[in-house]
Amino acid sequence: MLIIGSHVSMSAPGYLKSAVEEALAYNANTFMFYTGAPQNTKRKEIAELNVEQAKKMMIDNDIDIKNIVVHAPYIINLANTTKEETFSLAVSFLKQEIKRVEEIGAQYLVLHPGSHVNAGEQIGLEQIVKGLNEVLEQDSSVFICLESMSGKGSELGKKFEELKYIIDNVKHKHLLKVCLDTCHLHDAGYDLVNDFENVLNEFDNIIGLEYLKVFHINDSKNPCGASKDRHENIGYGYIGFETLNRIVNHPKLVNVIKILETPWHEGKPYYKKEIDMFRKQLFEEGYRNNELSD
């Protein structure tokens, strides 16, 4: 069964219940959300998030809570060695986020590996390992999904080898998984359009398909290798619907959760239409000019 959804909002007053309602409006059977604003550390108590109501709604609509995804906030940068306070904040806040995900009942927390801030790639990778070793506990029920990045600035995680280094050197590596992002892979130089099977085989050989749990599905506004990370709607970018559909419906990726993070226009999303196209495996030319969320 295709497990597909999108990023949704978890805002007042419904919080997690509203997130489920939004996902259902897109005909999704999974979704991804932040537990609070991604740019700061302000968080509501779990008791205020309508978790039990949301869980009941998920059960009633065949959404498995184990398939929903939480995204860690952008302010977490475990790779930073230039500011001790930034690294300390990343460690302490990531610990809190893991606890919140556990309390909600989800199991996947997507994390940007971090940026080395011109300290050097190896130093940054070692700092990420250090941070994860401080954060991860043996008996945790939450998996950290390291997200592949586009390589803009001093981002780490743009190559499979960098993700592998982190996984191989963390003590509790059983708690690490991977989230691949199609736009990030494309912008990092992986040729999804002409060579996806070899890209997938390369990932399997370097890291292992068993680690791949989440796939962010986005088209890209930029050519392959641009290192820009600018998402585009499905079929309107350099990757294209045919390639993205091949990825979404790939037989080796059946159990991988697919999450759309494509742009909104005039305050409205295209998620319902994009999900529908992947279910039908049929691109609707010019869909952005029609009703946006019908």
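A nonpolar core is a set of buried Ala, Val, Leu, Ile, Met, Phe, Trp, Tyr and Cys residues joined through side-chain atoms within 4.5 Å, where buried means under 20% relative accessible area with a 1.4 Å probe, protein chains only. The model I present is predicted, so local features need pLDDT of at least 70 and side-chain atom pairs count only at pLDDT 80 or more, while totals for chains, interfaces and linings use all residues. Residues are numbered from 1 along each chain as its sequence is written, and side-chain values use heavy atoms, without hydrogens or water.

The largest nonpolar core holds 86 residues, and Phe31, Leu78, Leu94 and Leu132 touch the most other members. Helix H3, residues 84–104, supplies the largest share of this core, eight residues; helices here are DSSP runs of H or I, at least four residues, numbered from the N terminus. A second, separate core has ten residues, including Met32 and Cys145.

I come next to the pockets. A pocket is an open set of points on a 1 Å grid over the protein atoms alone, where a 1.4 Å probe fits, with protein on both sides within 12 Å along at least five of seven lines; lining residues have an atom within 4 Å of a point. The largest pocket contains about 190 Å³ of space, that is, the space filled by probe spheres set on the points. Its lining comprises 14 residues, with Tyr34, His71, Tyr74, His231 and Glu261 the closest to its centre. For the second largest pocket, the volume is about 150 Å³. Among its 13 lining residues, Tyr74, His112, Gly114, Ser115 and Glu155 lie nearest the centre.

Key
Buried < 20%, exposed > 50% of the residue type's maximum accessible area, 1.4 Å probe, protein only. Helix = DSSP H or I, 4+ residues; strand = E, 2+ residues; numbered from the N terminus.
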